Amino acid sequence: MTTEPPDRRTATAQWGPVAWSYTADDEAETARVAAQLVTTTPSVWPAHGRIRLRVRSTRDRAALDRLEQVAAGPARRLREENYRRAPDGTWLCRGNRPADATDQALPRHAVGHHDGRWTILHDDGSGTEQRARTGDIVLRALVAAALTALGGLTVHASAATGRDGRAVMFLGDSGTGKSTLALRLAQAGGCFVSGDRTLLVPGPGGWWAVGAGLLPRFRWGTLEGLDLAMRVRDAALLRHGDGRCRVADLPRTPAKVVFTPAESEHVLGVRTADCAPLGKLVVLSPAEGGGPVARAVAPEETAAAVRAHSLPSDAGCLAWPVPKRPAQARDIAGLVEEVAGAALAWDPVRHRAADALRRVLTVTPGAPPSGPPASAP
């Protein structure tokens, strides 16, 4: 008996409650897109309650030309691109980018939804790398749209799991060490979930932390503080070249280094996960002096921090076609009543992440602030 080889033009995976598939004419495009949104550990989200997302990438210049004639109305934003909508609901990338756009512009393309499947239309002359970059951004936006439809809230936060498999989410302004603490927690036997923003999603058994589909990205200060800078400089990373050129040999050193989930394991030495049941919310702030100080916080303070760090959905103009499920809609007040909250004042430059983690993870409600010396986890 013979078996058919797998069709390498289609990739399938699960991201929290979203079971997605991506099909392209070029298997190299499929592989590059899948590398961005496949973690190194299987999803722990239960089998029931999943949303199915199907995406097809194809080249069709004639269809794009027709859309150019009819797409109109106010421009809507997806990441750093402006789109205009056609009468059939298809979104066309028009090229007039927002004033604050910084990344290289995407080539002309369109995104539409028909018969339960999303389609990305590219120009005939587009290359594999261009199509994969567009497909990566669109697929992640569609995952965000599905999570938002399930009642997900996007938060400027990092998340990782401990050895118990429950996620700790770190909220705070830029520079307060969110990604540093998440990476250190993952190094201590957990999994890295998200390094920039996280979705809080109501699910089976309570609230879940789900990665927002953004890849782990770290400043050099974070990597140096965790003794990883030399390993990263010697690595060849997909998002900083073609996966063959070392970071140290790039013409320009990136301000932030971006990793696929597999690269996070091989280079940083941490496992990655798409989601985990939420166990703790930690609010970060700068230390006023001395060592790191951790304390318990009231639900009202945690709720205020979640609201302060809430962000618009990464879905942008791509709305999920099914209305939000009312039975799963839950508010922030309910979240903070169900999940323990803590606060940590520390300095990511002066203090050891291991000591800060030890203090904040052992905080219990009603306990006095924790500030004595602590050993590494």
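How many bridges join E7 to strand E8? The count is 6, and the two strands run antiparallel. The views below come from a predicted model, where local features need pLDDT of at least 70, side-chain atom pairs count only at pLDDT 80 or more, and totals for chains, interfaces and linings use all residues. Residues are numbered from 1 along each chain as its sequence is written, and side-chain values use heavy atoms, with hydrogens and water left out.

View 1. Two strands pair if DSSP finds at least two bridges between them. E6 (residues 91–93) pairs with E7 (residues 109–114) in the antiparallel sense over 2 bridges. Here Trp 91 stands opposite Val 111 in E7. E7 and E8 (residues 117–122) form a hairpin with 2 residues between them. His 114 stands opposite Arg 117 in E8. In the turn, Asp 115 has a positive phi of about 55°.

**View 2. The largest pocket.** A pocket is an open set of points on a 1 Å grid over the protein atoms alone, with protein on both sides within 12 Å along at least five of seven lines; lining residues have an atom within 4 Å of a point. Volume is the space filled by probe spheres set on the points, which are joined across faces, edges and corners. This pocket holds about 1200 Å³ of space. Its lining has 35 residues; closest to the centre are Arg 79, Asp 103, Arg 133, Arg 217 and Arg 239. H3 gives the most, with 7 residues. By class, the lining has 10 nonpolar, 8 polar and 17 charged residues (nonpolar: Ala, Val, Leu, Ile, Met, Phe, Trp, Tyr, Cys and Pro; charged: Asp, Glu, Lys and Arg; polar: the others, Gly among them).

**View 3. The second largest pocket.** About 580 Å³ of space lies here. Of its 28 lining residues, Gly 177, Ser 179, Thr 180, Thr 222 and Pro 348 are the closest to the centre. H4 supplies the largest share, 4 residues. The lining divides into 7 nonpolar, 13 polar and 8 charged residues.

**View 4. The largest cavity.** In a cavity, a 1.4 Å probe fits but cannot get out. The whole structure has 2 cavities of 30 Å³ or more. The largest has a volume of about 70 Å³. Its lining includes Trp 15, Phe 192 and Pro 261.
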